[in-house]
Amino acid sequence: GLFVLPMKAGSIDDPDDVHPKLKIKQIAIARRATALMPSYRLPFDQNDVAIELQAFAFRSEENYTYEHRMIGLDTVWKATSSSANLIRYYDLKPGNYRFQARGNSAEGFYSLDIPDIAFEFIPPYWEQVWFKIARILLVMLLISLIVLIYIKRREKKAEMEKRVIMAELNSLKLKMNPHFLFNVMNSIQNFIGQQDSETAIAYLK
């Protein structure tokens, strides 16, 4: 069916009306014909749009042109001949667009009404804000885990070194026991008393 735009003046069947009458005949999205609607919300991978226009300019017969623009992509109106009524857009980036079209007669009269169709292409999940935030949080979590593991390893190493030092101190304390020192001194005195200096020196070593 045709998507008929409301007209402010005249009738599409009025041959005395100098303004071209414009219709959107059909819209295809991702190469598939779709129902005509004033707006579309589409996933990022359905970003090929084809719009077929149909105009009537009775006084100009076939001597008129189409002008169109996709706001968000085009900065100026683009003109095509009356025979080039299929407008195509490929690989539209995620975002919001508005398609507008008008007819221009040979006498320089434009369509009184301009169709205005909105398109919103949803970005893929990896380009959406929630995913970017989640990715940042995940990286921060991984960094925190790495730092925590490093700290735990350092603490474990320090604990092991502390235990070794304590063991050495305990061993040293054991050697420094008063009874042990008393026995050592008595043995040295006996060696000296026996004039066995070499044995006494060896014992001290």
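Buried residues make up 24% of the 205 residues in the chain. Buried means under 20% relative accessible area, with exposed over 50% and partly exposed in between (1.4 Å probe, protein chains only). This is a predicted model: local features need pLDDT of at least 70, side-chain atom pairs count only at pLDDT 80 or more, and totals for chains, interfaces and linings use all residues. Residues are numbered from 1 along each chain as its sequence is written, and side-chain values use heavy atoms, leaving out hydrogens and water.

**Overall build**
- The chain has three helices and ten strands; these are DSSP runs, numbered from the N terminus (helices: H or I, at least four residues; strands: E, at least two).
- From the N terminus on, the order is β-β-β-β-β-β-β-β-β-β-α-α-α.
- Among contacts (heavy atoms within 4.5 Å) between residues at least 6 apart in sequence, 59% join residues at least 24 apart.

**Nonpolar core**
- The largest nonpolar core holds 22 residues, and Ile51, Leu53, Phe99 and Phe119 touch the most other members.
- Strands that each supply at least two residues of this core include S2 (21-29), S5 (49-56) and S10 (116-122).
- Such a core is a set of buried Ala, Val, Leu, Ile, Met, Phe, Trp, Tyr and Cys residues joined through side-chain atoms within 4.5 Å.
- Leaving aside neighbours within four places in sequence, Phe99 contacts several residues, among them Ile51, Leu53, Met70 and Phe119.

**Asparagine 104**
- Asparagine 104 lies in strand S9 (residues 95-105).
- Asparagine 104 counts as buried because its relative accessibility is 15%.
- Not counting residues up to four places away in sequence, asparagine 104 touches Pro20, Tyr64, Thr65, Glu67, Phe109 and Tyr110.
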